[in-house]
Structure formats: structure tokens, C-alpha cells
Amino acid sequence: MRRPVPPVRRVQASGESMGAGGRARGGAVAVLAGRVFAHARPSDASDLAALVGTGGGLVLTGANPVRAARRCREEQAFGGPILFDLAAAEAKVATRDRPFDDGGDGLMEITLEERVQGQIDAGADAALTPTGYLRAADFGAVEAAIEGAVGLGRDDVILSLPLDAGWLAPGLIDKAIGVLAQAPIAKAVMLGGRPDPPRRMMNGLLGLRRLVTEVPDVALFRTDLAGLDAVAQGCLAASIGTSGALRRIVPPDEAAVYGPANGDDRSPGVLVPDLLAYVRGSVLAERFGDRPAPPCRCARCGGRSIVSFLRQEDWKDARLHGVAVWTEWARNLVHPDSPDGRRRYWRRLCRDAIAAHARYNTSVRAREPVFVPPESLWLWAGEDTASATAGWVTPARP
């Protein structure tokens, strides 16, 4: 039998105290609502603050996030919200008895209340719980995490939910939605685990669509462009990782692997604006060869060729380029007042990207398509969640 979840008690009214940026601090839902955050390492924070603007936000994870946040506030006059991701799920698996990382040294445990308050004292606009990795079907751990976060009785807490991708499978997604929908607190879902084969990948995409639309007050964090799709479908908020390492959770028992298997390719992943997709710099250069490649007109690149991100030294430029590109999409996405307007904008953007794949194949004179739209793009370009779930509705493929 599942234990009842206690209601949330507001510990302070909106406007009672001031956040680190001088804004009145409200609840976590208000901090998140309608924003797309850059999920980043602290070393990029100052550069990102100028790109995301006050309409976005920063989620910092890694060494010295507090110092980086302070620089953004004091030197960049950044007025958007800042959150700290403690990344507990990469070191600990959640259990019913211990759903959170206590952050102690083995001699003394730090309570969940202390870990939450520590983030607020350090300047965070809301606190993310240090939840461990949630194995698929471990409802006991999920319920314990909900009870622990809600039991704090605070409205400035976001329940981190580092879910294994197995939760999105048809046999589990209904039950997962049922449990999470009852949690009266802001929630940040972060997905982990290895990529699935094509059929399971589509199941995962559809399950994720359902999760972010059927669970109230849920955000999708530490993701890729799926975060924009989630916001278009009515999700509370999203955070997009600035690199592949920050676009999914690596489970504690899994070795992190990014880039080509041979390890010789040092080029970064590059967000190609026309294609609405990340492509490794070396792959772009190989496919275009000596043919002219499109320039990037984003706020960071200023006309730089899209095939010029080839060296390890280009990684930071590629990260900032990516944020500059999707930030513009995010601003346009949240601008329409109606949910229908947001979905129309996003579908149009995705359909244009599918057409751009065909144009790119023509421009490089490929005998067979070398630029192929991913399955996710076909789904995003289709109809709304209900239609897609009923029949996998997607535009007619060329």
C-alpha cells in the first residue's frame, strides 16, 4: 500500500524575501514557469549569462558553482534565476530507505533540510533535492523521495527525479504518471541510462511526451532539444545541457562515454540551426568537403562557418554557439500567449528542419542521404500528444 503524501505548506509568501538577484522570491513553481535554463558547468556561467538573458536561467553543476553564480550577479548583473544541481544521481542509487544523498563525510550525515537550505543561503532561487538515481520500477524509492521533499513543508524546493529511461516503457509509464501526478510540489525530471534501439526509442519519446503533459508542475531538466518540445507541449520549464555530458544522467554503475568510439576525434558536437540537430564538427566537415557550408548568424558566431568547429579548443565556442541558437528559439517559443500558438511555432520549426535535411543533401550532392532527420524530429513535427500517441502521426516523409 502506498503511503499518503502530506500536503505542501508554504513557508513564505511570494515577495516576503528577496532572492540573490534582488527579485522577490516566490515559490519554486514561479521560479521555473515558462523558462528554458542553460544547464552548464560553472566555468561557462559568465558567458552564458549574457546569452540567456533574464527570460532564461542557469542551472550550474560542478566545481565552485556558488562563486560562479556570485560573479553572474555582481559582474554580469544577471537577473534570471540560478539553481544548483548537486548531481547526486551520478554517484548514488536511490532506495526506499535512503532516497537522497546525505552529502556527509561518513562521520556525520547532513539532513535534507540542511542541504536544501544550504543552496538557498548560497544564492539559489530554489533548491533541487539531492535525489539518487531512480531505477526503473523502484516505486518505493520514488515514493520515499516524494515524501521526503514534500515533508519539508517548503515551497522553494524542486524535487529532482533522475529517472532511468526504463520508466518511459509502455508497461511503466502509466504507473509512473499516476504516482508523480499526486506529488504537490515542483518536480524536475532528468533521464538517464543508455540510448535505446529505434522501436524503444520511439516508445521513450512518446512516454516522455505523456509524462511532461500529464504530470502537473513538472520540468524536464538536463536534456537536449526535447526540452523545447516539452515546453511547447505545456511543460512547466526545461533545462538544456551545454554539452553531451549534461544532457542525460549517467547512472552510478555506468561509464560515461561521449563521442566516437576510437577516441581520436576531438571535435565538439555542434548544434546546426537549419537542421535542429547536434552533429559532430568532424562529421560536418567531412560531409561538406570542399563545398561551401552555411554560415551561422547566431549572437555568438557572427557568420562563422558551421563546419569550423574541429578542434578540442573549439569546444567552448561550440557550447556557447548552441546556447545562443536555442535561446532564440526558446524566446520565440514562449512568446505566444496561447498553448496552441506555442505548439504551432514548434511544429513549424521542426518541419522546416526536416525540409532542410533534404536541402543539405542536395547541396553536398550526396548519392544517398547523409543528413537524415532523427526520429525525434519527425515526432516533434507531428500533431499533439494525443494524436501522436494514438497513431504515431508524423508528416509524410519525402
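Here is a short chat about the predicted model shown above.

Reader: Before we start, what should I know about this predicted model?
Author: Residues are numbered from 1 along each chain as its sequence is written, and side-chain values use heavy atoms, with hydrogens and water left out. Since you asked, local features need pLDDT of at least 70 and side-chain atom pairs count only at pLDDT 80 or more, while totals for chains, interfaces and linings use all residues.

Reader: How many helices and strands does the protein chain have?
Author: Both are DSSP runs numbered from the N terminus: helices are H or I with at least four residues, and strands are E with at least two. Counted that way, the protein chain has 12 strands and 13 helices.

Reader: What percentage of the 398 residues counts as buried?
Author: Buried means under 20% relative accessible area, exposed means over 50%, and partly exposed is in between (1.4 Å probe, protein chains only). For the 398 residues of the protein chain, the buried share is 53%.

Reader: In what order do the eight strands of the open sheet sit?
Author: Two strands pair if DSSP finds at least two bridges between them. In this open sheet the pairing is parallel, and the order is β5-β4-β3-β10-β9-β8-β7-β6.

Reader: Which strands stand at the edges of that sheet?
Author: Look for strands with a single partner strand each, so that one side is left without a neighbour in the sheet. Those are β5 (82–84) and β6 (127–128).

Reader: Which strands pair with β10, and over how many bridges?
Author: Strand β3 (residues 35–40) pairs with β10 in the parallel sense over five bridges, with Val 36 opposite Ala 238. Strand β9 (residues 218–223) also runs parallel to β10, and there Thr 223 has Ile 240 as its bridge partner. So that you have the count for β9 and β10 too, as pairs need at least two bridges, here it is: three bridges.

Reader: How many residues of β10 are buried?
Author: Take strand β10 (residues 237–241) one face at a time. Ala 237, Ser 239 and Gly 241 are buried on one side, and Ala 238 and Ile 240 are buried on the other.

Reader: Which helix makes a β-α-β unit with β9 and β10?
Author: The unit is right-handed: with the strands pointing away from the viewer, the path from the first strand over the helix to the second runs clockwise. The helix in it is α8 (residues 226–232).

Reader: Why do the buried residues of α4 line one face of the helix?
Author: In helix α4 (residues 112–121), the buried residues are Leu 112, Arg 115, Val 116, Gln 119 and Ile 120. Seen down the axis of α4, they line one face because they fall within an arc (taken from the directions from the helix axis to the C-beta atoms) of 140°.

Reader: Which residues touch the most other members of the largest nonpolar core?
Author: A nonpolar core is a set of buried Ala, Val, Leu, Ile, Met, Phe, Trp, Tyr and Cys residues joined through side-chain atoms within 4.5 Å. The largest one has 101 residues, and helix α10 (residues 315–334) gives the most to it, with nine residues. The members that touch the most others are Leu 228, Trp 326 and Trp 329.

Reader: Is Val 142 buried or exposed, and which residues does Val 142 contact?
Author: Val 142 lies in helix α5 (residues 139–150) and, at 2% relative accessibility, counts as buried. Contact means heavy atoms within 4.5 Å. Leaving aside neighbours within four places in sequence, the contacts of Val 142 are Leu 134, Trp 167, Val 179 and Leu 180.

Reader: What is the phi of Asp 217?
Author: Most residues other than glycine have a negative phi. Asp 217 is in the loop between α7 (198–214) and β9, and at 36% relative accessibility counts as partly exposed. Although Asp 217 is not a glycine, its phi is positive, at about 55°.

Reader: Which residue takes a positive phi in the hairpin of β11 and β12?
Author: Strand β11 (residues 269–272) and strand β12 (residues 277–280) run antiparallel and are joined by four bridges, with Val 270 opposite Val 279. The hairpin has four residues between the strands, and the one with a positive phi near 55° is Leu 276.
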